[in-house]
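Please take a moment to look over the chain below, and then follow the explanation from one part of it to another.

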Amino acid sequence: NPRLQVEHPVTEGITGVNLPATQLHIAMGIPLYNVPEIRKFYGLDAWDTTPVDFFKTDYPPITSHVLASRITAENPDEGFKPTSGKINSVRF
């Protein structure tokens, strides 16, 4: 799926990889192993150009957490159609 999902900032927060920029690199024909953020994610020298076999490379351990949330408003009297409104307070 070439489209970015609304949750892509969560992936970026965990991996440190800018997904739109990486997609552009790939679209320009730049091999994934030559994308500096990908190399850095795998603990490699970001500016090296040595090919990487990602099928044989261990996936790096996850060392962070990311939480994303979305506040939406729906009108139950209108079949829960989305609606606009004012947020008076939020408590977490």
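This is a predicted model: local features need pLDDT of at least 70, side-chain atom pairs count only at pLDDT 80 or more; totals for chains, interfaces and linings use all residues.

Where is the place of Phe-92? Phe-92 is found in the segment after strand 2, the strand formed by residues 81-82. Is this residue buried or exposed? Its relative accessibility is 87%, and because a residue counts as exposed when that value is over 50%, Phe-92 counts as exposed. Phe-92 also belongs to a nonpolar patch on the surface, which it forms with Ile-71, Ile-87 and Val-90, and together these residues have about 500 Å² of accessible area.

The chain averages a pLDDT of 88, and 98% of the residues score at least 70. Among the elements of the chain, helix 3 (residues 36-41) has the highest mean pLDDT, 94, whereas strand 1 (residues 74-75) has the lowest, 84.

Turn now to helix 1, which spans residues 8-15 and includes Thr-15. Thr-15 counts as buried because its relative accessibility is 17%, and the limit for buried is under 20%. The side chain of Thr-15 reaches the backbone oxygen of Thr-11 at 2.8 Å, and a polar atom of the Thr-15 side chain also lies 3.1 Å from the backbone nitrogen of Val-17.

Helix 2 covers residues 19-27, and at its start a side-chain oxygen of Asn-18 reaches to within 3.0 Å of the backbone nitrogen of Ala-21. Just after helix 2 comes Gly-29, which takes a positive phi of about 90°.

Terms used
Residues are numbered from 1 along each chain as its sequence is written. Side-chain values use heavy atoms; hydrogens and water are left out. Helices (H or I, at least four residues) and strands (E, at least two) are DSSP runs, numbered from the N terminus. Buried means under 20% relative accessible area, exposed over 50%, partly exposed in between (1.4 Å probe, protein chains only). A polar contact is a pair of N or O atoms within 3.5 Å; within protein, one must be able to donate a hydrogen and the other to accept it, and residues adjacent in sequence count only if both atoms are side-chain atoms. pLDDT is the predictor's confidence in each residue, from 0 to 100. Patches are made of residues with over 30% relative accessible area and no salt bridge: like charges are joined within 9 Å, nonpolar side chains (Val, Leu, Ile, Met, Phe, Trp, Tyr) within 5 Å. Accessible areas come from the Shrake-Rupley method with a 1.4 Å probe; for residues, only the protein chains shown count as cover. A salt bridge is a side-chain nitrogen of Lys or Arg within 4 Å of a carboxyl oxygen of Asp or Glu.
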